[in-house]
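Hello,

Here is the structure I said I would pass on. My notes on it follow below.

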Amino acid sequence: MTEDGVVDDDLLTIGAFAARARLSPKALRLYDRLGLLRPAHVDEVSGYRYYRAGQIDRARTVALLRQLDMPLAVIAEVVEAAERDGGAAADRLGVYWAGVEERIARQRTLAGFLRGRLSGRGYEMYGTFTVETVEVPAQVVLTEKRHTLADELPAWIGASMGRLEAAARECGGVAGSPFVVYHSEVSMESDGPAESCVPVADEAAARAWAAKQGRARETVVRVEPARRLAYTRITKAQVAHPQILAAFEAVEAWMKERGLEYDGPCREIYFADWDAAGPGDAVCDVAFPVA
C-alpha cells in the first residue's frame with residue numbers, strides 16, 4: 001500500500017476513497033449496508049473495505065439522491081440505470097420528482113384546510129356549500145367492495161365503476177347514477193372498506209351475472225333501500241382530497257344545526273361524464289343518509 005492509500009489493482013482504502021468522493025467513511029459503510037454501494041473488495045482477515053476510483057461517481061450520485069429523501073429502492077433503480085443509460089436514469093428521477101411535487105401540492109392544500117379549521121374559520125368554509133335534501137327510491141345495485149387506502153382509491157373507483165357499468169349494460173342497462181359508499185373511513189391509515197355501486201335495470205340478470213364472477217372481486221347484487229339524503233354538489237376540482245373533506249363536513253354541520261340523525265354510511269354520487277367534465281363542472285354529490 002502506498003502513502004496515498006492505493007493498494008493492489010488500483011484499489012483505494014475506505015479513507016482514501018471517502019476523501020476523493022467527498023464523503024465520510026461512515027456514509028460509505030451505510031451505503032454498503034443499504035446495498036447502494038458495495039466495496040470492490042473486502043479483506044477476509046481484517047474486514048477492511050476497498051473501493052475503485054471508478055465508483056466515485058456512483059458514490060456522489062447516491063449521496064445527492066439521498067438528499068431528495070428518495071426511497072432506497074428508487075435510488076438503486078436510478079444509479080443502476082445511470083451506469084447503463086444516463087437518459088433513462090434522468091427520466092426515472094423525473095418521474096419520482098413529479099410524484100414528490102404532486103404530494104407536496106396535496107399537503108399544501110391540506111395544510112390550508114387545517115389552518116382554516118384550527119383558526120375557527122371552518123364555518124366560513126362550509127358556507128361556500130349549498131346543502132339540500134332529496135328522496136331517493138329503492139334501487140337494485142351491482143356492487144364491488146374493497147379495502148383500500150386513500151392513495152389507491154381514485155384508481156380503484158375508476159376501474160371498479162368501469163367494470164360494473166359494463167356489467168350493467170348486460171343486465172338491462174344502467175338505471176341510475178353510480179355511487180361510492182364509505183362503510184368506514186378511507187385515509188392513509190384506514191382502509192375502509194369502500195363500495196362501488198351501479199344501479200341496474202334487471203335484478204335477475206344482475207344476480208346471474210354476479211354468480212358467474214365468484215368472489216374474486218366481492219361482486220354482489222343487493223337492494224339499496226329508499227333513503228332521504230342530505231347532500232351538496234361539488235365540481236370535478238373539488239372532488240380531489242382534501243377539498244372534498246370540506247364538502248362532507250359542510251353537510252355534517254348542516255345536519256347538526258337541524259338535529260338530523262345519520263341513517264347510513266356517507267357516499268359520493270357521480271352523475272356526470274367524468275372524462276368529458278372540466279375542473280369547474282359539477283360532477284358529484286357528497287351525501288349522508290338522514291333519518
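R22 counts as exposed because its relative accessibility is 64% (exposed means over 50% relative accessible area, buried under 20%, partly exposed in between, with a 1.4 Å probe and protein chains only). R22 lies in the loop between helix 1 and helix 2, and has a positive phi of about 60 degrees although it is not a glycine. Helices (H or I, at least four residues) and strands (E, at least two) are DSSP runs numbered from the N terminus.

This is a predicted model, in which local features need pLDDT of at least 70 and side-chain atom pairs count only at pLDDT 80 or more, while totals for chains, interfaces and linings use all residues. Residues are numbered from 1 along each chain as its sequence is written, and side-chain values use heavy atoms, with hydrogens and water left out.

D69, in the loop between helix 3 and helix 4, also is not a glycine and has a positive phi of about 55 degrees. At 67% relative accessibility, D69 counts as exposed.

The peptide bond from G192 to P193 is cis, with omega near 20 degrees. P193 sits in the loop between strand 7 (179-182) and strand 8 (194-199).

E268 belongs to strand 11 (residues 267-270). The side chains of E268 and Y182 are joined by a polar contact of 3.0 Å (a pair of N or O atoms within 3.5 Å; within protein, one must be able to donate a hydrogen and the other to accept it, and residues adjacent in sequence count only if both atoms are side-chain atoms).

In helix 3 (residues 56-66), the buried residues are I56, R58, A59, V62, A63 and L65.

Regards
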